[in-house]
Structures are given as structure tokens and as C-alpha cells.
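Subject: A structure for you to look at

Hi there,

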Amino acid sequence: MREVAVRMRTLQQSFDAFDEAAAAALGLNRTDLRCLDLILAQEPMSAGELTTAAKLSPAATTTAIDRLERAGYVTRSRHAANRRRVLVTATEAARTAENEVYGPVGEAGMLALRRYDEQQIAVIIDFLETARQVQEEQTTRLKGLPAGG
């Protein structure tokens, strides 16, 4: 079991290193990259929805959207029915960057998974889902602790 924990930790570190490299390649910081990922996954997205999804303050969200807009990765528009609501949409440049940065990762992952049969893939999926649930439970636990403790 310790070996699994060690491998999970190094996997997380590799994700962090990739995200850092991806952000640098796109000329973004990690928060802006996370916001862009959320927008790409669910666009258009209101600024309020992005605030909630990214767990940022409204001011921090506005700043991130400003930077993403200056970088050419998003546009803002007013909602047709509610003019006070700002919608954020990914640009074609963002889609191109997404494909250039993450496309090769997906392709390499699919090639790597070909060595497993359907039953093994089912176990991998189950493990990943279990790991996600554990992470979410532990995140909730940490949020309940006093700050600095």
C-alpha cells in the first residue's frame, strides 16, 4: 500500500509540474490557467459561475478575466436577457492553445492505456474515482480545520 501512496504523490507532483509548464507556455499564471480550463469546459460561463467554480473572490475573478482577455484567450459579452450578467467565452486562440498543450497528452495517454484490457481499464477507472472521492473528502476535512492548525 505504501508504494501506491508514493506513486500517487509522484503522479500529483507530475500534474503540478505539467500545469506549471502549461501556464508558462501560454503566458499565464496557474490561477488564470485554472480559470481558462473551467471556461473551456463550460462555455459560455458567467463571471459569477466562474467565481464559484474557481473558488475566487469576485475581484480576483475579474482580474483573471482581464488577464485572459488581454492574452486573447477569452471574450466578454452581456447576456441577452440579463444585461447585468457578463458571459465569458473562450476564443479560437484558446481552443488552439488547448489542442497544442493538452492534445498530445491525451494522445499519449490513450496509447499508454492500450496495453490494458477492458477489465483492467474498469479497475483503473474505479481506482481513479475512489481516489477523487478520497481527495474531495479530505479537502472538506481540511476546510473544517482552524486556520494555521
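In α4, the buried residues are T61, A64, I65 and L68; buried means under 20% relative accessible area, exposed over 50%, and partly exposed in between, with a 1.4 Å probe and protein chains only. Viewed down the axis of α4, these buried residues fall within an arc of 100°, so they line one face of the helix; the arc is that of the directions from the helix axis to the C-beta atoms. The face turned away from that buried side carries A59 and R70, both exposed.

A word on the basis of all this: the model is predicted, so to speak of local features pLDDT must be at least 70, side-chain atom pairs count only at pLDDT 80 or more, and totals for chains, interfaces and linings use all residues. Residues are numbered from 1 along each chain as its sequence is written, and side-chain values use heavy atoms, with hydrogens and water left out.

What do the buried residues of α4 pack against? Their partners are α2, α3, β2 and β3, where contact means heavy atoms within 4.5 Å. Just after α4, G72 takes a positive phi of about 85°.

**The overall layout**

The protein chain has 6 helices and 3 strands, in the order α-α-β-α-α-β-β-α-α from the N terminus on. Helices (H or I, at least four residues) and strands (E, at least two) are DSSP runs, numbered from the N terminus. Along its principal axes, the C-alpha trace spans about 55 × 40 × 30 Å. Of the 149 residues, 20% count as buried. Among contacts with a separation of 6 or more, 45% are between residues 24 or more positions apart.

**The sheet and the helices on it**

The 3 strands form an open sheet in the order β1-β3-β2, with antiparallel pairing; two strands pair if DSSP finds at least two bridges between them. The edge strands, each pairing on one side only, are β1 (45-46) and β2 (74-78). Between β1 and β3 (residues 86-90), which run antiparallel, there are 2 bridges, and M45 stands opposite V88 in β3.

Helix α2 (residues 30-41) packs on the sheet and touches β1, β2 and β3, its direction making about 90° with that of β3. Helix α4 (residues 58-70) also packs on the sheet, touching β2 and β3, and its direction makes about 120° with that of β2. For these angles, axes are lines fitted to C-alpha atoms, for helices over the stretch in contact, and angles run from 0 to 180 degrees between N-to-C directions.

Not counting residues up to four places away in sequence, S46 touches R85, V86 and L87.

**The nonpolar core**

The largest nonpolar core has 23 residues, and those with the most contacts inside it are L36, I39, L68 and Y73. Such a core is a set of buried Ala, Val, Leu, Ile, Met, Phe, Trp, Tyr and Cys residues joined through side-chain atoms within 4.5 Å. At least two residues each come from α1 (2-26), α2, α3 (47-54), α4, β3 and α5 (92-113), and the largest share, 5 residues, comes from α2.

In α2, D32, L33, C35, L36, I39 and L40 are buried. Down the axis of α2, its buried residues fall within an arc of 160°, so they line one face of the helix. Y73 is in contact with L26, L28, L36, L68, T89, A90, T91, A93, A94 and A97, leaving aside its neighbours within four places in sequence.

**Two backbone spots to check**

Most residues other than glycine have a negative phi, and most peptide bonds are trans. The bond from E43 to P44 is cis, with omega near -10°, and P44 sits in the loop between α2 and β1. K55, in the loop between α3 and α4, has a positive phi of about 60° although it is not a glycine. K55 is exposed, with a relative accessible area of 62%.

Enjoy exploring it!

Best wishes
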